[in-house]
Structure formats: C-alpha cells, structure tokens
Amino acid sequence: MTNEKKRKQYPKATIVLDKLIFSCVSTVEDNFDYVVTHNSEYYYCDDFQFGNTKLKRTIDPSNRYKHSYKVYYKKYLIGIINFALYYGSIYTGKLKFSVYNEVFYNDTLKYIPSILNDLNLSINNFKEIDIAMDSYKVDFEKTIRQNLKNKDNTVKLIGSIRYD
C-alpha cells in the first residue's frame with residue numbers, strides 16, 4: 001500500500017465523549033455510602049478497597065457534599081464520587097459519579113462497569129454528557145473567530161446581543 005493510500009484512510013475528524021456525570025444508586029441495602037453516613041466509626045475513614053476499585057477521601061471543591069472520594073481502578077484514576085448533600089434531600093440515597101476527562105482519551109472508560117460492580121452501584125440517571133468533535137484538517141477556532149468578527153452575523157452572549 002502506498003503512503004498516499006494510507007493517508008486517505010485516516011479520519012478527518014472524530015466524535016468523542018468529553019464529559020460524563022451520572023447518578024448512581026446502591027444495589028445493596030447497607031452499601032459503603034450508607035455505612036459512611038450512618039456509622040461514626042467509618043465517618044472519617046480515608047480509604048476503602050472493593051475488589052480492584054479503591055476509594056480515597058478528598059474534599060468536594062463545591063462544598064455541596066459531605067463525602068467525596070477519588071475513584072481508582074487498579075492504578076488508574078477514573079473519577080470522583082460525591083454523596084450526602086449538606087442542604088436539601090433531593091438526592092438522598094444517590095451518589096454523583098463524575099468521570100475525569102483523561103479517561104476518554106487513555107482507554108480506561110471500559111472500567112466503569114467493573115467499578116460499578118465492585119461498588120455495588122447501578123446507574124440511575126445521566127446528569128451531564130458532552131460530546132466533542134476533534135478535527136484533524138479544519139481549524140474550527142479560526143472559523144469561529146472569523147464569524148464572530150463578521151458584522152453580518154448576530155452574536156448573542158449571556159442573553160444579550162453583542163455588536164463589538
């Protein structure tokens with residue numbers, strides 16, 4: 001096969017998952033989230049190991065959740081689990097699982113089902129899903145800037161039309 005034929009086989013762009021946040025529920029009655037929330041002995045426990053999945057306590061930067069854990073599968077950092085809101089009871093019994101962006105590019109997204117199995121969790125609802133298009137031939141930034149500068153186009157930013 002010639003080099004020209006090889007070049008033609010490469011895609012011009014790929015569509016990838018760029019953000020994933022979902023809520024989970026426990027599949028067993030007294031799962032780790034219940035124990036941490038209701039048993040003072042485990043309230044300040046920093047690490048939990050469940051099969052190949054390890055949870056390491058961290059601090060929720062938004063200060064919305066009482067408990068926040070980084071999720072590792074084997075040696076890979078996969079995401080963060082938050083549960084037990086300080087205020088409100090809308091998410092009582094649910095855990096928020098935020099997948100780190102690197103997971104979509106280093107081929108570790110495939111471990112999510114194993115993690116959920118190790119933690120006795122099942123997906124309840126998808127909260128946020130972002131899809132991105134990675135282009136290899138088109139400079140989208142240049143195209144967007146050109147269209148923003150074009151006076152014939154109307155630009156609406158945070159609810160108001162911008163002219164400059």
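What follows is a short chat about the sheet and some loop residues in this predicted model.

Me: Start with the sheet. What is the strand order?
Reply: The order is β2-β3-β4-β5-β6-β1-β7, in an open sheet of 7 strands with antiparallel pairing.

Me: Which are the edge strands?
Reply: β2 (47-50) and β7, and each of them pairs on one side only.

Me: By how much are neighbouring strands turned against each other?
Reply: By 25° on average, with direction ignored.

Me: And what holds strands together in a sheet, in general?
Reply: Strands of a sheet pair through backbone hydrogen bonds, and the pairing is either parallel or antiparallel.

Me: Back to this one. How many bridges are there between β1 and β7?
Reply: 13 bridges, with strand β1 covering residues 13-26 and strand β7 covering residues 121-135; the two are antiparallel.

Me: Which residue in β7 stands opposite L17?
Reply: That is I131.

Me: How many bridges join β1 to β6?
Reply: There are 6, and these two strands also run antiparallel. A residue pair across them is V25, which stands opposite K94 in β6.

Me: What about β5 and β6?
Reply: Strand β5 (residues 76-85) pairs with β6 in the antiparallel sense over 5 bridges. In β6, F97 is the residue opposite I81.

Me: Switching to loops. Where is T108?
Reply: T108 sits in the loop between β6 (94-99) and α4 (112-118).

Me: Is T108 buried or exposed?
Reply: T108 is buried, because its relative accessible area is 1%, and buried means under 20%.

Me: What is T108 in contact with, apart from its sequence neighbours?
Reply: Leaving out neighbours within four places in sequence, T108 is in contact with Y76, I78 and V103.

Me: Next, K74. What is its phi?
Reply: K74 has a positive phi of about 55°, although it is not a glycine. K74 is placed in the loop between β4 (65-73) and β5.

Me: Is K74 buried or exposed?
Reply: K74 is exposed, since its relative accessible area is 51% and the exposed class is over 50%.

Me: What about N120, where is that and what is its phi?
Reply: N120 lies in the loop between α4 and β7. Its phi is positive, about 55°, and N120 is not a glycine.

Me: How accessible is N120?
Reply: N120 has a relative accessible area of 30%, so it counts as partly exposed.

Terms used:
Residues are numbered from 1 along each chain as its sequence is written. This is a predicted model: local features need pLDDT of at least 70, side-chain atom pairs count only at pLDDT 80 or more; totals for chains, interfaces and linings use all residues. Side-chain values use heavy atoms; hydrogens and water are left out. Helices (H or I, at least four residues) and strands (E, at least two) are DSSP runs, numbered from the N terminus. Buried means under 20% relative accessible area, exposed over 50%, partly exposed in between (1.4 Å probe, protein chains only). Contact means heavy atoms within 4.5 Å. Two strands pair if DSSP finds at least two bridges between them. Axes are lines fitted to C-alpha atoms, for helices over the stretch in contact, and angles run from 0 to 180 degrees between N-to-C directions.
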